[in-house]
Amino acid sequence: MTSPATRTGVAPGASPGDTLARALLDTGSVLRAGTGRLRVAPTSPVSAARLPAFQSLLDRLSRALGLPGPELVATSEGLTAPELAVGRRLAVGNTEGAGRPGDTAAAGNAVVPELDDRAVAETAHRARTAFPGPPLVLTARDGTPLRCWAAGPPDAPAVAVVGACGMPVGLTVNWLAALSTRYRVVTWESRGLFATGEGAGPGGPVDHSVEAQSEDLLAVLDGFGIARAHALGLCGGVVVALAAAARSERIDSLSLWHGDWELGDAAPKTTHQRDMESLLAMAARGPKQAAGLHRILTRPSTLDGLRPDLAHYLVHPYTTAELLYRYGQLNGTLMTTDCRKLLTARQPALVVTSDQDTTAHPAGSVHVARHLPAAELRVLPTGDHLGAFDARPHLVTLAEEFLRSVTDHPRKDT
Amino acid sequence: MNVHSAAGTGRSTPAAEVLARHPAVAEVVIVDEPGTPGGHARIVPDRETARTLSRSVVLEAADRLGGLAWHEPADTIRVAGLNRGETDFLYREIFVEGAYFRHGITLPRAPVVLDVGANIGMFSLRAGLAAPGARVIAVEPVAELAAAVRLNAELHGLDVTVLQTALGRKQGETSFTFYPHNSVMSGRYADAAQDAEVLRGYLLTGDDAGAESAGEDPGGDGRSRSLDRLVGDRLAARPRRVPVTTLGNVIRDHGLTRVDLLKIDVEKAESEVLAGLDEETWERVEQVVVEVHDIEGRLQEVLGTLRDRGFDVTHDQDPRLALTPCHNVYARRPRAGVGAPPAPVFDGVPTLRRLEGELRELLARALPSAPPPGRWTAVPHLGPAPGAPAPATPASPAPAAVAPERVAVLARAWTDLFGADALRSGADFFELGGDSLTAVRLLARVEDELGPDALTPDLIFTDGTFAGLAAALGSGRPAGEVPRP
């Protein structure tokens with residue numbers, strides 16, 4: 001599972017109130033995805049008599065966090081995959097803390113943390129200000145609002161982390177935490193897939209072209225006053241990072257981790273990649289098709305194949321039919337853009353993959369590294385696709401060694 | 001396990017009830033057939049206990065067999081092959097005699113194996129069945145044979161990537177001679193006279209001599225003529241053009257950081273194949289086994305190349321190939337572990353042949369006086385027997401109004417996902433274990449062949465039965481208009 005100091009973001013010894021508040025924030029993108037109220041079930045038995053007290057606590061904490069609170073229901077029967085994933089992360093009824101399997105209360109006797117109004121406000125404040133902190137909403141060049149984050153010393157060399165399309169910031173938070181001790185790290189969530197205002201829902205339709213998505217990287221740099229940066233792309237984020245590098249010298253180096261590449265007949269794809277491509281193409285065809293697929297994809301069995309500690313992030317773009325439709329357009333574009341035309345970017349690049357990546361075929365990365373003018377390839381003997389997001393020490397060391405070799409100059413503000 | 005009477009044409013007899021007791025039998029019917037004493041036993045193999053047999057009938061029902069046929073070279077293994085004699089030869093060479101696993105050649109856990117000149121994939125199967133988690137890249141330029149490798153990998157549930165290409169010193173295209181009746185000798189450097197001599201040598205030494213050429217006039221002119229005819233028949237050539245890539249490219253393009261075993265059997269192109277490795281990719285190769293045609297000193301050349309690259313090498317010759325120039329070379333890096341030949345695990349048993357034997361025994365013990373069926377076949381479901389009058393209840397899941405070719409597309413996708421047992425009108429997508437991924441695959445497969453929106457996702461919810469989906473295919477109606485059950 002994830003380490004307490006980073007992805008779950010709760011220090012050892014934190015109170016159950018803190019744990020629940022952090023879990024609510026961690027699932028915030030899913031809670032705000034649609035206009036309806038998300039239903040969640042306790043993960044340990046909670047007697048009917050105690051449900052209202054838990055509901056009240058959820059409501060008060062959610063309000064203080066600016067989130068639509070979930071509706072607590074007695075059993076998980078009839079819940080969708082996103083609802084189950086959020087419920088498991090919130091882990092209502094567990095005595096010790098959210099998302100920690102095995103910490104179950106005696107049947108039905110789960111204790112409701114008691115918090116007065118002031119304690120609720122303080123708990124919410126601690127959660128909102130914990131790493132990586134609340135987002136700053138910046139505006140893309142075409143006016144699309146983007147949820148952005150920055151961490152690390154403002155004068156340090158800058159690194160823009162480009163996560164997988166449609167994934168909440170929580171999935172990349174380990175990279176942000178690891179690199180922000182030495183670098184100015186910025187990131188953002190994909191355009192048009194996250195609620196950026198006070199209300200819920202992802203706002204109006206957006207331009208889903210690769211150009212628009214890669215322009216967002218430059219807009220984020222502008223917003224934080226950064227002249228030049230290293231772009232660290234993960235999974236589908238590699239396409240955005242490479243496209244930005246091909247169009248702007250402000251990206252002065254690149255690292256491309258476990259990339260999901262479309263390279264025509266130059267490199268094979270995994271079954272998973274082909275399945276995803278089919279799925280996204282179907283979803284992008286129209287809201288009606290997306291609605292049909294949404295019913296299928298939100299079946300509880302969808303969670304069977306997802307890593308339990310990441311499931312509440314991974315389900316985000318499937319939470320509503322509208323999100324799925326847009327995800328089909330945005331990620332479908334990234335997955336079908338022939339990246340061979342982008343392999344002209346002359347910036348120094350590190351390409352990393354692993355023989356054990358059964359999600360994004362390693363051959364794609366191998367081809368990219370061979371054809372980029374200034375790339376070095378690292379094929380790691382171990383490490384699956386999602387593992388790249390964990391930012392384990394050996395990966396961070398690899399990234400930092402490369403960063404040291406290419407970012408020995410201090411950042412110059414624009 | 002169920003016993004069926006096929007709408008008056010079959011016999012729901014005590015005999016069928018006995019057969020249904022066998023754990024590898026999911027369903028069985030004995031159909032009366034003129035001229036077949038004891039009737040025709042039509043068996044639906046159990047998906048778990050007769051996994052390979054079950055998969056094979058599903059693949060066949062989905063028209064995947066093409067010009068291939070099912071061969072059972074032993075009662076532990078069923079494969080798709082081109083010529084039965086060749087399948088038997090390859091099985092004996094690779095499984096029984098362990099041609100490639102000699103002199104300490106072995107496989108680590110979850111190995112990466114390159115099978116160059118895969119033919120029907122017998123060596124890919126040998127490696128895959130012996131080493132769980134094996135990743136096999138099989139290279140075979142002949143389309144018919146590459147199809148067999150794919151089918152055999154699917155049949156046995158192995159991770160085999162099939163590359164339909166030849167290998168050589170550099171990328172390009174080459175002429176290639178395919179011998180359909182003697183596919184193991186197909187190659188880039190086919191030479192009618194030379195190949196005839198090699199085949200003649202083999203036939204004079206090998207078991208085939210007894211099976212096919214002897215008998216008429218053993219040892220005399222008759223035999224010689226017969227042998228010439230046999231060689232001529234077997235070497236009827238079909239020339240074609242095939243793409244060529246290099247071994248180095250294959251290793252790089254597939255991101256192989258190591259190749260635990262490189263097996264090469266490419267009929268005189270072996271030096272060319274090895275020349276396609278560069279400094280970097282040679283280093284990734286741990287063990288090499290190669291059949292070398294010792295023409296113009298090629299054996300010494302290959303041995304020299306391997307020694308220069310730091311391998312410990314040795315070689316031998318199959319006694320049955322003593323009259324041919326074919327030798328096997330075995331090369332290991334000193335750092336590679338020496339081991340026993342890895343033992344293949346046949347867990348998809350029984351074959352049809354073995355099942356028939358066991359069912360005959362079962363019947364003889366339980367009903368000694370009953371005549372055993374005269375014909376035994378494995379089928380994906382108990383539809384009507386060929387030639388039998390149509391039963392009262394339509395056995396075909398397709399509604400009459402729907403174009404059969406459209407339903408066939410759905411049936412292929414459906415059986416690929418769920419197996420033969422599932423090809424029933426009332427079989428429900430979700431009850432069969434279908435999930436979101438399966439749904440997307442089903443929709444994508446059908447769309448690939450029938451165009452966008454041939455099936456809308458909602459249909460799977462409104463009527464996820466095979467018949468429901470088939471009906472919607474035919475009508476092309478939007479989801480909302482599909483009649484609910």
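The lining of the second largest pocket has 18 nonpolar, 10 polar and 6 charged residues. (Ala, Val, Leu, Ile, Met, Phe, Trp, Tyr, Cys and Pro go down as nonpolar, Asp, Glu, Lys and Arg as charged, and the others, Gly among them, as polar.) Keep in mind that this is a predicted model, where local features need pLDDT of at least 70 and side-chain atom pairs count only at pLDDT 80 or more, while totals for chains, interfaces and linings use all residues. Residues are numbered from 1 along each chain as its sequence is written, chains are lettered from A and ligands numbered from 1 in the order in which they are written, and side-chain values use heavy atoms, leaving out hydrogens and water.

**The pocket**

- The second largest pocket has a volume of about 980 Å³, a volume being the space filled by probe spheres set on grid points that are joined across faces, edges and corners.
- Of its 34 lining residues, A:His272, A:Met276, A:Leu306, A:Tyr318 and A:Thr359 are the closest to the centre.
- What counts as a pocket here is an open set of points on a 1 Å grid over the protein atoms alone, where a 1.4 Å probe fits, with protein on both sides within 12 Å along at least five of seven lines; lining residues have an atom within 4 Å of a point.

- Chain A has 14 helices and 10 strands, which are DSSP runs numbered from the N terminus (helices are H or I, at least four residues; strands are E, at least two).
- Of the 414 residues of chain A, 60% count as buried, meaning under 20% relative accessible area with a 1.4 Å probe and protein chains only.

**Sheets in chain B**

- Three strands of chain B make an open sheet with mixed pairing, in the order β10-β12-β11.
- β10 (166-167) and β11 (172-178) of chain B sit at the edges with a single partner strand each, so one side of each has no neighbour in the sheet.
- β11(B) pairs with β12 (residues 238-245) of chain B in the antiparallel sense over 7 bridges; strands pair if DSSP finds at least two bridges between them.
- B:Gly172 has B:Val244 in β12(B) as its bridge partner.
- Strand β14 (residues 287-293) of chain B has 7 of its 7 residues buried, so the rest of the structure largely encloses it.
- On one side of β14(B), B:Gln287, B:Val289, B:Glu291 and B:His293 are buried, and so are B:Val288, B:Val290 and B:Val292 on the other.
- β13 (residues 261-264) of chain B runs parallel to β14(B), paired over 3 bridges, with B:Leu262 opposite B:Val288.
- β16 (residues 326-332) of chain B runs antiparallel to β14(B), joined by 7 bridges, with B:His327 opposite B:Val292.

**A helix in chain B**

- Which residues of helix α3 (residues 84-96) of chain B are buried? They are B:Glu86, B:Thr87, B:Phe89, B:Leu90, B:Tyr91, B:Glu93, B:Ile94 and B:Phe95.
- After α3(B) comes B:Gly98, with a positive phi near 55 degrees.

Methods: Buried < 20%, exposed > 50% of the residue type's maximum accessible area, 1.4 Å probe, protein only.
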